[in-house]
Amino acid sequence: MMNMKTLKTSIFAATFALAALVSCTSQDDIYKEFVKDGGLIYPAKAADVKSETGFNKVTLSWLIPKDPSVKSARVYWDNKTDSIDLNYSDFTDTVKVSIVDLDDRSYTFSIVNFDKLGNRSMTSELTATPYGKNWLSTHEERQFKQAWADGTTATVQLTEATTEMVATKFRYKNLDGEWVEYGPRMTPREVNFKLPNAMRGKYIQFCSGFLPSDGRDTAWMDWTKSTVPVRYPLDTKGWTVTATDGIIVGNRTADKLFDGVKSGDNNAFFCKKNAAVKIVAVDTHAEEGHYPTFQSFTAYLSATMGYRIVQNVYIYVGDKPYDPNDKNWKANFGTPMVNNTTYWWGDVNPNRGGQLTEGRYIAYVISGVRGKNFDIRIYELEPWGFILSDAN
């Protein structure tokens, strides 16, 4: 008969045996699920991963693993919500993959390799920050200053380059009236830039590119339109000119100021020095809506010293005729475009300008000269500007 001690010992032994059986079964299942024959299989992971930041993109690169079992890789980013797959057979020595359409913020990229059986490698990680519109918005574009025509070439003048600017490009209308983007680009150190075969009197457009020191792609601003068109010498044919009574010397009448001939005494405007005020009134006969916009006037003067010092010069532009015999001209002519300037000796073809002014009529006033021995000689007064209605 089994005593109580023996019974307890038997029950304990049976319980232990059952527990051992259950435990061994569970460990076997775990082994079969997670442990492969010969141990865990980990393909070689991506090593020495590098990145290059670009505009809304990051380019990753690493050497193809030497482990021949590695066949493919998957790149994850944005907390593994996005990914891209690639096959190593598509590359020779180095893998290079660009992740595009990114925001300008920090991203962590995770790379996992796979063998042909689908075994995963350990993860390689790298963090990079691309740049985009937000970064570009912290930079300043050059400012347009002026543009002028020299024959069929337009010279554009901009302010100096700003931080991280690498180039500025242009587009404009050529002589055939077609919009073209000019191949050569303005370097950061340049402020004047020539555009060949450019149509005068038209707007130009420009945009600048920026690149951070560690960046890969140049980021370009949107196109900026020049504030004014390319200025040029206006066509003066058909303009009529009258002058203050009694100031003309011989037949050197005031219309010679606008006849297109820039030298020679027979083609000069002579006016008497002893006349107190000399006013030349001009009617361009432009139609309303097509008035010229004046930017400056270039005076072609005599080479003789005494004829070249002309002071107290005023130029007015308006939409009503000017009276060349108006004694109260300073009060009646309004605000001058060019206010009390002087043409000095040694001033070669002096160009005088002021605020852009549109109008049909011009008044050119000389209210003083220096010296007493010579009459005033001006061969040509060349107006520079554009016709705004024709500018686009």
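In the predicted model, Asn56 occupies the loop between strand S1 (50–54) and strand S2 (57–63). Its phi is near 60 degrees, a positive value in a residue other than glycine. Most residues other than glycine have a negative phi. His285, in the loop between strand S19 (278–283) and strand S20 (292–301), likewise has a phi near 60 degrees; with a relative accessible area of 41%, His285 is partly exposed.

Nine salt bridges are present in the structure. One of them joins the side chains of Asp217 and Lys57, with an N to O distance of 3.7 Å. Asp217 lies in the loop between strand S13 (205–210) and strand S14 (219–220), and Lys57 in strand S2, so this pair ties together parts that are 160 residues apart in sequence. Asp217 is buried, at a relative accessible area of 18%. In the salt bridge between Arg74 and Asp85, the closest N and O atoms are 2.6 Å apart; Arg74 belongs to strand S3 (residues 70–77) and Asp85 to strand S4 (residues 82–87). Arg74 is partly exposed at 28% relative accessibility, whereas Asp85 is exposed at 52%. Asp78, Asp103 and Arg105 are linked in a network of salt bridges.

The largest pocket holds about 160 Å³ of space. Its lining comprises five nonpolar, two polar and five charged residues, and strand S25 (residues 376–387) supplies the largest share, four residues. Among the lining residues are Glu382 and Lys262, which form a salt bridge with the closest N and O atoms 2.8 Å apart. Glu382 is buried at 10% relative accessibility, while Lys262 is partly exposed at 36%.

Methods:
Residues are numbered from 1 along each chain as its sequence is written. This is a predicted model: local features need pLDDT of at least 70, side-chain atom pairs count only at pLDDT 80 or more; totals for chains, interfaces and linings use all residues. Side-chain values use heavy atoms; hydrogens and water are left out. Helices (H or I, at least four residues) and strands (E, at least two) are DSSP runs, numbered from the N terminus. Buried means under 20% relative accessible area, exposed over 50%, partly exposed in between (1.4 Å probe, protein chains only). On a 1 Å grid over the protein atoms alone, a cavity is a set of points where a 1.4 Å probe fits but cannot get out, and a pocket is an open set with protein on both sides within 12 Å along at least five of seven lines; lining residues have an atom within 4 Å of a point. Grid points are joined across faces, edges and corners, and a volume is the space filled by probe spheres set on the points. Ala, Val, Leu, Ile, Met, Phe, Trp, Tyr, Cys and Pro count as nonpolar, Asp, Glu, Lys and Arg as charged, and the others, Gly among them, as polar. A salt bridge is a side-chain nitrogen of Lys or Arg within 4 Å of a carboxyl oxygen of Asp or Glu.
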